[in-house]
Amino acid sequence: VLMRWRKPDGTILSPSAFIPLAESSGLVLEMTRAIMRSVRDELGDAVVERPFLHIGFNLAARHFMDEQIVTDVREIFEGSQVRLTQIVLEVTERQSLDSLTSARRVIAALQGLGIKVAIDDIGAGHSSLSYMLKLGVDIIKIDKMFIDALGHENNSTTIVETLVDLARNMRMDIIAEGVENFEQ
């Protein structure tokens, strides 16, 4: 689920235009709560009919400083038609995590609720392999730039295959972002 900003003149800004400011100002916490409430209210019926549908939300480094996100998710989705097992929370790598110990504690609490946790855009941000090792996530999402490079850059296949093998050996699920053709 990605938030868009509709300006008064009707133009729509993508998340890349405002999320960095939201993260640095702390507004990302309330924005995350608001988008979760919207999903709960707008998609409730759709998820009941599709129990294997997963809904992913990006989380910022600030979400992993304490366990408020655990409380937020529980309160927002408790009693709703969206089951916690249908939620995937994605650790974005735009900012590094201040404390891997704190992040691991938050991730374990989220997983204890039945939520899956993913590392988003693996390979494109801060300390991807360290995050795989220390955070105990369930899923890695291979960044689109590696998928786009398949068949065009010599080492792209090696990198993608290595990430896939590593994730499989660590018993993680894998998502390849931006697959658009058979070769990819």
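I'll start with helix α3, whose buried residues pack against α2 (28-49), β3 (55-59), β4 (87-91) and α4 (100-112). Keep in mind that this is a predicted model.

Which residues of α3 are the buried ones? The helix runs over residues 68-77, and the buried set is Ile-69, Val-70, Asp-72, Val-73, Ile-76 and Phe-77. Around the helix axis they cover an arc of only 165°, so they sit on the same side of α3. Asp-72 is on that list together with Ile-69 and Val-70. After α3 comes Gly-79, and its phi is positive, near 80°.

That brings me to backbone angles. Most residues other than glycine have a negative phi. Two residues in this model are worth a look on that account.

Take Asp-121. Asp-121 is not a glycine, yet its phi is positive, about 55°. Where is Asp-121 placed? It lies in strand β5, which spans residues 116-122.

Now Arg-171. Its phi is near 60°, again a positive value in a residue other than glycine. Arg-171 belongs to the loop between α7 (156-169) and β7 (173-176). Its relative accessible area is 75%, and the cut-off for exposed is over 50%, so Arg-171 counts as exposed.

Notes. Residues are numbered from 1 along each chain as its sequence is written. This is a predicted model: local features need pLDDT of at least 70, side-chain atom pairs count only at pLDDT 80 or more; totals for chains, interfaces and linings use all residues. Side-chain values use heavy atoms; hydrogens and water are left out. Helices (H or I, at least four residues) and strands (E, at least two) are DSSP runs, numbered from the N terminus. Buried means under 20% relative accessible area, exposed over 50%, partly exposed in between (1.4 Å probe, protein chains only). The arc is that of the directions from the helix axis to the C-beta atoms. Contact means heavy atoms within 4.5 Å.
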